[in-house]
Amino acid sequence: MRVLVTGACGFVMSVFIRCFLQDHEEARVLALDVGEPDEAWSGHLADVAGRVDFVRCDVRDRARLATLFARHRPETVVHGATVTLVPEWEREDPVRFLDVNVMGTAAVLDAARRAGSVGRVVHVSSAAVYGAGNSGRTEPQDEDTPLEPDEMYGVSKVTAELVARRFAALYGMSVPIVRCTKVFGPMERPTSARTLMSLPYHLARALVAGTPLAVTPRTLRAAGDWISAVDVAAALGLLCTRPDVGSAAFNLAGGAAVPVPRLAELFGVELAADPAADPEWAVVDADPALRSGKDGTYSVLRAARRLGWRPRDLPRQVGEYREWALAHWTPEDPVPLGSPGAAT
Ligand SMILES: NC(=O)c1ccc[n+]([C@@H]2O[C@H](COP(=O)([O-])OP(=O)(O)OC[C@H]3O[C@@H](n4cnc5c(N)ncnc54)[C@H](O)[C@@H]3O)[C@@H](O)[C@H]2O)c1
């Protein structure tokens with residue numbers, strides 16, 4: 001199988017590429033990104049490198065996409081290229097989110113339908129489509145929860161989903177959509193494309209440094225629905241290979257709210273609440289009031305029923321990430337902290 005992956009140098013897609021090629025020995029990946037691979041990426045993919053071709057390309061470049069699709073004739077596309085959420089970027093250049101996330105999605109789908117070789121485009125979306133949600137709601141949200149994005153990233157992800165659905169209807173394409181919640185795991189790192197690091201990333205850094213993790217006091221009362229990129233990759237792999245998945249949307253999440261202290265316990269890291277920390281500037285801050293919409297918990301029943309996918313239990317996901325961090329980082333590494341107030 002020939003799979004074209006967009007956003008291939010990023011966190012989630014680089015994990016997907018490795019997992020997919022390890023599971024499918026006959027597969028090849030055309031890895032497309034607007035940025036260049038870094039050392040971490042090349043190292044991560046070293047044992048499957050013979051089956052990965054990297055091409056530098058902007059997903060908005062329709063002429064170049066046409067050439068690449070004609071030359072490589074992919075059978076499946078996994079579209080993960082995105083401008084991710086950084087609040088300063090939204091204020092500085094809101095149009096960029098729409099430009100890349102919406103028009104880039106349209107360009108990839110159009111190249112795919114014209115190529116004649118593509119049977120399916122797996123579109124990577126986000127729980128950001130649910131927006132702030134209904135704060136009274138505590139039960140896990142299914143995929144029919146209203147889409148009410150409350151920032152430009154979420155607006156662009158909802159719009160891209162609508163574009164994907166319309167291409168599916170217009171051309172009879174299979175365009176399944178995944179909505180990932182808070183993803184953590186191997187290969188999460190600050191890059192020019194992504195500066196906000198997750199709370200599990202900071203926990204893994206503290207683990208390797210052998211230090212407590214300083215957080216704002218309210219973080220101790222917060223909770224989240226986290227999922228490992230390895231589990232996301234498994235679901236994406238099923239969506240690439242299963243027949244008859246159609247064009248439905250699937251939540252990919254852990255399915256439960258996990259209190260931050262429990263998460264820290266799984267990492268084996270002590271949390272040090274700093275009463276003087278200002279939530280606006282603290283490196284690790286999570287707001288306990290955020291429990292719904294994009295910050296809520298998600299039902300993963302649809303993925304279980306239709307794909308046979310379930311997240312592994314959280315201790316296993318965290319245990320695997322712990323091992324990876326301890327094997328790849330050293331206490332002497334400079335700790336790239338990401339942006340203040342960043343943890344999600
Ligand atoms: N990380 C999370 O917690 C999370 C949560 C929900 C959804 N997602 C989704 O997963 C996907 C990957 O996210 P990520 O966290 O790995 O982000 P990332 O920033 O690490 O990866 C995105 C990649 O897209 C590339 N890209 C950006 N603009 C491009 C363009 N114009 N042309 C080609 N490539 C371009 C970037 O260079 C980057 O390598 C996205 O669709 C995102 O919405 C991620």
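## Burial of the ring residues

Tyr201 and Trp329 are both buried, where buried means under 20% relative accessible area, exposed over 50% and partly exposed in between, with a 1.4 Å probe and protein chains only. Trp329 counts as buried because its relative accessible area is 10%. Trp324 is buried too, at 16% relative accessibility.

This is a predicted model: local features need pLDDT of at least 70, side-chain atom pairs count only at pLDDT 80 or more, and totals for chains, interfaces and linings use all residues. Residues are numbered from 1 along each chain as its sequence is written, and side-chain values use heavy atoms, with hydrogens and water left out.

## Aromatic pairs

The structure holds ten aromatic pairs. Rings of Phe, Tyr and Trp (its six-membered ring) pair if their centres lie within 6.5 Å; planes under 30 degrees apart count as stacked, over 60 as edge-to-face and the rest as tilted.

Tyr201 and Trp329 make an edge-to-face pair, 5.7 Å centre to centre with 70 degrees between the planes. This pair joins distant parts of the chain, 128 residues apart: Tyr201 is in helix H7 (residues 199-209) and Trp329 in the segment after helix H11 (314-328). Helices are DSSP runs (H or I, at least four residues), numbered from the N terminus. Trp329 also pairs edge-to-face with Trp324, at 5.6 Å and 80 degrees. Ring pairs link Tyr201, Trp324 and Trp329 with Phe184, Phe267 and Tyr321 into a cluster.

## Charges over rings

The charged end of Arg205 sits over the ring of Trp329, 3.8 Å from its centre. Such a charge has NZ of Lys or CZ of Arg within 6 Å of the ring centre and within 35 degrees of the ring normal. Arg96 lies over the face of Trp89, 5.3 Å from the ring centre.

Technical notes: Helices (H or I, at least four residues) and strands (E, at least two) are DSSP runs, numbered from the N terminus.
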